[in-house]
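Dear colleague,

Please find below the structure that I am handing over to you.

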Amino acid sequence: MRSRAVPRIRIKRAYERASRDDGARVLVDRLWPRGVSRRALALDEWAKDIAPSDQLRRWFGHDPRRWKEFVSRYREELRAPAARERLEALARRARARPLTLVYGARDEQHNDAVVIADALRRRSRRVARSAPRRAA
């Protein structure tokens with residue numbers, strides 16, 4: 001039977017202190033955040049394979065004027081089979097316990113973790129809708 005637990009997905013800058021409430025901490029950037037030690041990040045996983053491609057990351061350059069196009073292009077990259085498998089694994093993790101997506105960008109509204117969190121929430125809603133309901 002599939003879990004209908006509501007995922008607890010958060011996003012947090014790599015430069016913010018890790019906390020117990022973070023649950024599983026997953027770095028979702030292709031590049032390691034500058035000046036932060038592995039110990040300070042307290043990661044459970046580094047999912048650089050679902051980070052935006054170097055080409056897309058460089059094109060975007062964290063320019064908010066390119067955000068809508070970035071999201072569109074990045075969602076396309078996340079449709080690749082390997083990325084879909086990775087997203088499903090992260091979604092399962094989020095249904096089991098809190099999941100914090102860690103990123104290094106300064107902009108808290110325009111970064112890859114925002115897009116990944118949205119993709120995970122959408123995936124979880126689809127799973128919840130398709131899960132069989134218990135008889136009352």
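Predicted model: local features only at pLDDT ≥ 70, side-chain atom pairs only at ≥ 80, totals over all residues.

Residues are numbered from 1 along each chain as its sequence is written, and side-chain values use heavy atoms, with hydrogens and water left out.

Overall fold

The protein chain has five helices and four strands; helices (H or I, at least four residues) and strands (E, at least two) are DSSP runs, numbered from the N terminus. Read from the N terminus, the elements follow the order β-β-α-β-α-α-α-β-α. The chain has 136 residues, of which 40% count as buried. Here buried means under 20% relative accessible area, exposed over 50%, and partly exposed in between, with a 1.4 Å probe and protein chains only. Of the contacts (heavy atoms within 4.5 Å) with a separation of 6 or more, 64% are between residues 24 or more positions apart.

The sheet

The four strands form an open sheet in the order β1-β4-β2-β3, with parallel pairing; two strands pair if DSSP finds at least two bridges between them. At the edges are β1 (9-13) and β3 (45-46), each of which pairs on one side only. Strand β2 is joined to β4 by four bridges and to β3 by two. On the β4 side, A24 stands opposite L99, and L27 has V102 as its bridge partner. Towards β3, V26 stands opposite E45.

In a regular strand the side chains alternate between the two faces of the sheet. Both faces of β2 are covered, with A24 and V26 buried on one side and R25 and L27 buried on the other.

The nonpolar cores

A nonpolar core is a set of buried Ala, Val, Leu, Ile, Met, Phe, Trp, Tyr and Cys residues joined through side-chain atoms within 4.5 Å. The largest one has 27 residues, and the members that touch the most others are I50, F70, L99, L101, I116 and L120. At least two residues of this core come from each of β2 (24-27), α2, α3, α4 (81-96), β4 (99-103) and α5 (112-130). Apart from this core lies another, of five residues, including L27, V36, L41 and V102.

Which residues does L120 contact, leaving aside its neighbours within four places in sequence? They are I9, L87, L90, A91, L99 and L101.

Helix α3 (residues 67-77) has W67, F70, V71 and Y74 as its buried residues. Seen down the axis of α3, these residues fall within an arc of 100°, so they line one face of the helix; the arc is that of the directions from the helix axis to the C-beta atoms.

Five aromatic pairs are found in the whole structure. Rings of Phe, Tyr and Trp (its six-membered ring) pair if their centres lie within 6.5 Å; planes under 30 degrees apart count as stacked, over 60 as edge-to-face and the rest as tilted. F60 and F70 form a stacked pair, with 4.2 Å centre to centre and 20° between the planes. This pair links helix α2 (residues 54-60), which holds F60, to helix α3, which holds F70, 10 residues apart. Relative accessible area is 3% for F60 and 2% for F70. One aromatic cluster is formed by F60, W67, F70 and Y74.

Two charged side chains also sit over rings, a term that requires NZ of Lys or CZ of Arg within 6 Å of the ring centre and within 35 degrees of the ring normal. K48 lies over the face of W46, 4.2 Å from the ring centre, and the charged end of R73 sits over the ring of W59, 4.0 Å from its centre.

Two individual positions

R57 lies in helix α2 and is partly exposed, with a relative accessible area of 26%. Leaving aside neighbours within four places in sequence, R57 is in contact with L31 and P52. Its C-alpha atom is separated by 9.0 Å from that of D112, 55 residues apart along the chain.

D118 is found in helix α5 and is partly exposed, at 24% relative accessible area. The C-alpha atoms of D118 and I9 are separated by 9.2 Å, with the two residues 109 residues apart along the chain.

With kind regards
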